[in-house]
Amino acid sequence: MNHIEAASELMDFVPYLLCMGVLIVTVPVLARAEGHEYAPPPGVLLGIVVDGDSREPLVRVKVSASASEHTEAHVTWTDPAGRYRLPLLPAGTYTLRFEHPDYAPSSRTDILLRANRAIRSRVALRPNTSRA
């Protein structure tokens, strides 16, 4: 085998080596880029709202959750059984506010919601004495 034939055989490996070099560089870069987009699994705030006197479930109570770390409040209303559910919330410290036209508003503060957890609350609202 002369030098020309040896060089020709070596040139057959150049595309293979070039592809391997590209993979060695790009795979770690792409893996790091995906790591920055990771978000922890969301949490859930849920519970029931009842009349403070009769203990009957309250329908159509506005329930809002706000966190100082997030600018937008998450809002839902209670169902016919008085239940509410605020899913897909990022981990953080929340304030829950409960509002209904016939009842005095109520708040729960400093609710620490961790990733992939659910926090349950039972809230009793008092009738609004300012309404006739």
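A: Two strands are said to pair if DSSP finds at least two bridges between them. The elements themselves are DSSP runs numbered from the N terminus: strands (E) have at least two residues, and helices (H or I) at least four. The model is a predicted one, in which local features need pLDDT of at least 70 and side-chain atom pairs count only at pLDDT 80 or more, while totals for chains, interfaces and linings use all residues. Residues are numbered from 1 along each chain as its sequence is written, and side-chain values use heavy atoms, with hydrogens and water left out.

The account begins with strand β5. It spans residues 92–100 and pairs in the antiparallel sense with strand β2 (residues 62–67) over six bridges. Within that pairing, S64 has R97 of β5 as its bridge partner. Strand β5 is also paired in the antiparallel sense with strand β6 (residues 103–113), here over seven bridges. At one place in this pairing G92 stands opposite L113 of β6, and at another H100 has Y103 of β6 as its bridge partner. Two residues lie between β5 and β6, and the two strands form a hairpin.

These pairings belong to a wider arrangement. Strands β3, β2, β5 and β6 form, in that order, an open sheet of four strands with antiparallel pairing. Its edge strands are β3 (74–77) and β6, each of which pairs on one side only. From one strand to the next the twist averages 20°; axes are lines fitted to C-alpha atoms (for helices, over the stretch in contact), and angles between N-to-C directions run from 0 to 180 degrees.

Rings of Phe, Tyr and Trp (its six-membered ring) pair if their centres lie within 6.5 Å; planes under 30 degrees apart count as stacked, over 60 as edge-to-face, and the rest as tilted. One aromatic pair is counted by this rule. It is edge-to-face, because the rings of Y84 and F98 have centres 5.7 Å apart and planes at 65°. The pair links distant parts of the chain, since Y84 is in strand β4 (residues 83–89) and F98 in strand β5, 14 residues apart.

A nonpolar core is a set of buried Ala, Val, Leu, Ile, Met, Phe, Trp, Tyr and Cys residues joined through side-chain atoms within 4.5 Å. The largest one has 18 residues, and those with the most contacts inside it are L45, V49, Y94, L96, F98 and L125. At least two residues of this core come from each of β1 (43–51), β2, β4, β5, β6 and β7 (118–125).

V49 lies in strand β1 and is buried, with a relative accessible area of 0%. Leaving aside residues up to four places away in sequence, V49 touches, among others, Y84, F98, V123 and L125, where contact means heavy atoms within 4.5 Å. S121, in strand β7, is buried with a relative accessible area of 12%. With the same exclusion of residues up to four places away, S121 touches L46, G47, I48, Y84, L96 and R108.

Key
Buried means under 20% relative accessible area, exposed over 50%, partly exposed in between (1.4 Å probe, protein chains only).
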